[in-house]
Amino acid sequence: MALWRVHVQLEDRPGRLGELATAVGAAGCNIISLHVVGEPADDGSITDELLVKVPESADPAMLVEAVEGAEIPCTLLVRADATELSDPATTALALARMVAADPGSAPRAVATMLRARLVDPSAEHDDGHTHVIRVGAQQLRLGRAWPFTATELSRAAALLELATQLAMRAPARAASPDRILLLRDGSEVRMRPASDGDAPLVAALHARCAPHSRRSRFLSPTRQLAPGELEALLGVGSEYGRAVLAVTVDGGSAVGIANLDGVGAGTARAAVLVEDAWQGRGLGTALLRKVAETAAEQGMTELTGVARADDLGVTRLLRRAGLRPCAEIVDDQVHLRAALPAPVA
């Protein structure tokens, strides 16, 4: 089944929610989650957001017809991602905790809360909908495929206000290359630049990964790294900066790594490897975002990657990291390219 995001204008009267559920069920679809994203209109109706599972064989337009047949206006129908199946309140609390630990992470936390991306302020044109949020000295321009509501923007402004107040109260301290990252399931990892001394940790990470994970990263399931591959994973000798390593909070094990490798003027190849037990928590997305930011800061304009023709995970990973990849099939491999946005101050 495919997951779709649906916005409806629901009247506040007894039985109306049941009528909505009946209409969705009659279309052969299933409501996975529902929460309020808008404000009461003049007629008392409220914008609710549904995540709905629609059978692959069904036309999503039939869902809209069924809902509107129950005299419930439908204002949005866009594809959604399975990673969005999380409780909004729990997500907001996790993001607030992340901002409390690092006020500088507020822009990315706001983008995550709104399921949006940070947009370069100098960009003249952008697909979809954009909005600028200003709180004190903080100014963010956000973009996504569907409109922002006042309720969502007020939540984002509250998170920015929290970051501003914490930054004003925090004593000045030296910047640290380490960063504690809170994952979607509440677990934590430490992200830091990789070094030559991390070779044993990375070799052990590679050996623990399942064959399909190694095949996705190296196009080969072998447990033994070829000469030079370990150095390449660590970014040794690369002019684009060393790799980014994710380790357990106690530093005892490496659980993920991402690295850049220059392939031409303005272009860098990015690759990510995450231990199987740590996949599905957002770690790979965070690692890819970090190396994408590094590449953009160093003047790169495009990331590239190579995957097997039947491996869709790399494409999804690029999209979750806020990039828009295009693909070309060469023999039995997919060559991916994704433009990098200009760095946002």
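Let's start with Arg-115, which is partly exposed because its relative accessible area is 26%; buried means under 20%, exposed over 50%, and partly exposed in between, with a 1.4 Å probe and protein chains only. This is a predicted model, in which local features need pLDDT of at least 70, side-chain atom pairs count only at pLDDT 80 or more, and totals for chains, interfaces and linings use all residues. Residues are numbered from 1 along each chain as its sequence is written, and side-chain values use heavy atoms, leaving out hydrogens and water.

**The whole chain**

- The protein chain has 10 helices and 15 strands; these are DSSP runs numbered from the N terminus, helices being H or I with at least four residues and strands E with at least two.
- Of its 345 residues, 43% count as buried.
- Take the contacts (heavy atoms within 4.5 Å) between residues at least 6 apart in sequence: 61% of them join residues at least 24 apart.

**Positive phi angles**

- Here is some background: most residues other than glycine have a negative phi.
- Arg-115 is not a glycine, yet its phi is positive, about 50°.
- You will find Arg-115 in the loop between α4 and β5 (117-118).
- Glu-71 also has a positive phi without being glycine, with a value near 60°.
- Glu-71 lies in the loop between α2 (60-69) and β4 (74-79), and it counts as exposed because its relative accessible area is 65%.

- Helix α4 (residues 106-113) is mostly covered, with 6 of its 8 residues buried.
- Those buried residues are Ala-106, Pro-107, Ala-109, Val-110, Ala-111 and Met-113.
- Glu-49 belongs to strand β3 (residues 46-54).
- Is Glu-49 buried or exposed? Glu-49 counts as buried because its relative accessibility is 1%.
- Leaving aside residues up to four places away in sequence, Glu-49 touches several residues, including Arg-5, His-7, His-35, Arg-115 and Trp-146.
- From C-alpha to C-alpha, Glu-49 and Val-36 are 6.1 Å apart in space, and they are 13 residues apart in sequence.

**Two helix pairs**

- Two packed helices are described by the angle between their axes and the distance between the axes.
- Axes are lines fitted to C-alpha atoms, for helices over the stretch in contact, and angles run from 0 to 180 degrees between N-to-C directions.
- Helix α1 (residues 16-26) packs with α2 at an angle of about 145°, and their axes are 8 Å apart.
- Leu-20, Ala-23 and Val-24 of α1 make this contact with Leu-63, Ala-66 and Val-67 of α2.
- The residues of the α1 contact with α2 are 6 nonpolar, no polar and no charged; Ala, Val, Leu, Ile, Met, Phe, Trp, Tyr, Cys and Pro count as nonpolar, Asp, Glu, Lys and Arg as charged, and the others, Gly among them, as polar.
- In the second pair, the axes of α9 (residues 283-297) and α10 (residues 313-320) come within 9 Å and cross at roughly 65°.
- On the α9 side, Gly-284, Thr-285, Leu-288 and Arg-289 meet Leu-317, Leu-318 and Arg-320 in α10.
- The residues of the α9 contact with α10 divide into 3 nonpolar, 2 polar and 2 charged.

**A charge over a ring**

- The charged end of Arg-281 sits over the ring of Trp-278, 4.2 Å from its centre; this term calls for NZ of Lys or CZ of Arg within 6 Å of the ring centre and within 35 degrees of the ring normal.
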